[in-house]
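Let's take a walk through this one together. Have the coordinates open and follow along as we go.

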Amino acid sequence: MNGAQDLGGMMGFGPVRSEPEDLRFHADWERRVMAMVVATGATQRWTID
Amino acid sequence: MRADDSAQPVSIATRVQALEAVLVEKGYVQTASLDAIVETYERDVGPRNGARVVARAWIDPDYRTWLLADATAAIGSLGYTGRQGEHMVALENTPDTHHLVVCTLCSCYPWPVLGLPPVWYKSPPYRSRAVLDPRGVLADFGVTLPATTRIEVHDSTAEIRYLVVPIRPPGTEGWTEQDLAQLVTRDSMIGAGLALVP
């Protein structure tokens, strides 16, 4: 499969940076966007593709 | 273009607000629903769910057998069902084999047991290197496995999500399920870490 998202095996992205498990959102707008993605997807008139 | 090009682009927060307002105005979503979704994934659904599954498997051999044979049903029996976790497979770590889970194409993740995926799981460094150099990735997490331990890397898909069952730490004989669950970290259920040693 070829595509920009097919990152398996690619090189040059640097180290993995972990984050604490109780960190859910990095900004308030992330909360709203996540909820909108879930809710709008439920209308079945839009997908993340 | 006007002569003054120093105007700042509209902030992401403002754009998100505008998008939400438009979606609500057009009747696609309701504010209360959005609030409920946020609360669900901020408070109710997270890695502590998966930790309970793992602790149960450590204590109850029948549950462990069930989990390994039919993870969807075993996990579902604890109430952890729903979107992004409809088809689950449990992977048990042993001294011989360590499992690591990734989604190289996007960020497929078992939401009902682990909640929202962390940024690193969704980002290029992890997605690219997990399949290429799993020991290097584990080293980024401060984990070094014996050279004799084989590492199996599993690429999640839209259909299948994985829950890694880490090795039960030594010195925990007789512990309650509740106390054992506290040793199970989010990272250990992805395979990027190990359970905490008391």
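Predicted model: local features only at pLDDT ≥ 70, side-chain atom pairs only at ≥ 80, totals over all residues.

Contact here means heavy atoms within 4.5 Å. Residues are numbered from 1 along each chain as its sequence is written, chains are lettered from A and ligands numbered from 1 in the order in which they are written, and side-chain values use heavy atoms, with hydrogens and water left out.

Back to L67(B). Together with I75(B) and Y126(B), L67(B) touches the most other members of the largest nonpolar core, a set of 62 residues. Such a core consists of buried Ala, Val, Leu, Ile, Met, Phe, Trp, Tyr and Cys residues joined through side-chain atoms within 4.5 Å, and buried means under 20% relative accessible area (1.4 Å probe, protein chains only). The top contributor to this core is helix α3 of chain B, residues 47-59, which gives 6 residues. Helices, by the way, are DSSP runs of H or I with at least four residues, strands are runs of E with at least two, and both are numbered from the N terminus.

Y126(B) brings us to helix α8 of chain B (residues 124-132), where P125(B), Y126(B), R127(B), S128(B), R129(B) and A130(B) are buried. What do the buried residues of α8(B) pack against? In chain B, they meet β2 (97-102), α7 (119-122), α9 (134-140) and β3 (150-155).

Now over to chain A, with 1 helix and 0 strands. Its C-alpha trace spans about 40 × 35 × 15 Å along the principal axes, and of its 49 residues, 22% are buried.

T40(A) counts as buried because its relative accessibility is 9%. Its side chain reaches the backbone oxygen of M36(A) at 2.5 Å. Beyond four places in sequence, T40(A) touches W46(A), L23(B) and V29(B).

From the chain B side, look at E20(B) in helix α1 (residues 12-25). E20(B) is buried, because its relative accessible area is 12%. Again leaving out residues up to four places away in sequence, E20(B) touches R32(A), M36(A), T31(B) and L34(B).

Conventions:
Buried < 20%, exposed > 50% of the residue type's maximum accessible area, 1.4 Å probe, protein only. Polar contact = N/O pair within 3.5 Å; in protein donor to acceptor, adjacent residues only side chain to side chain.
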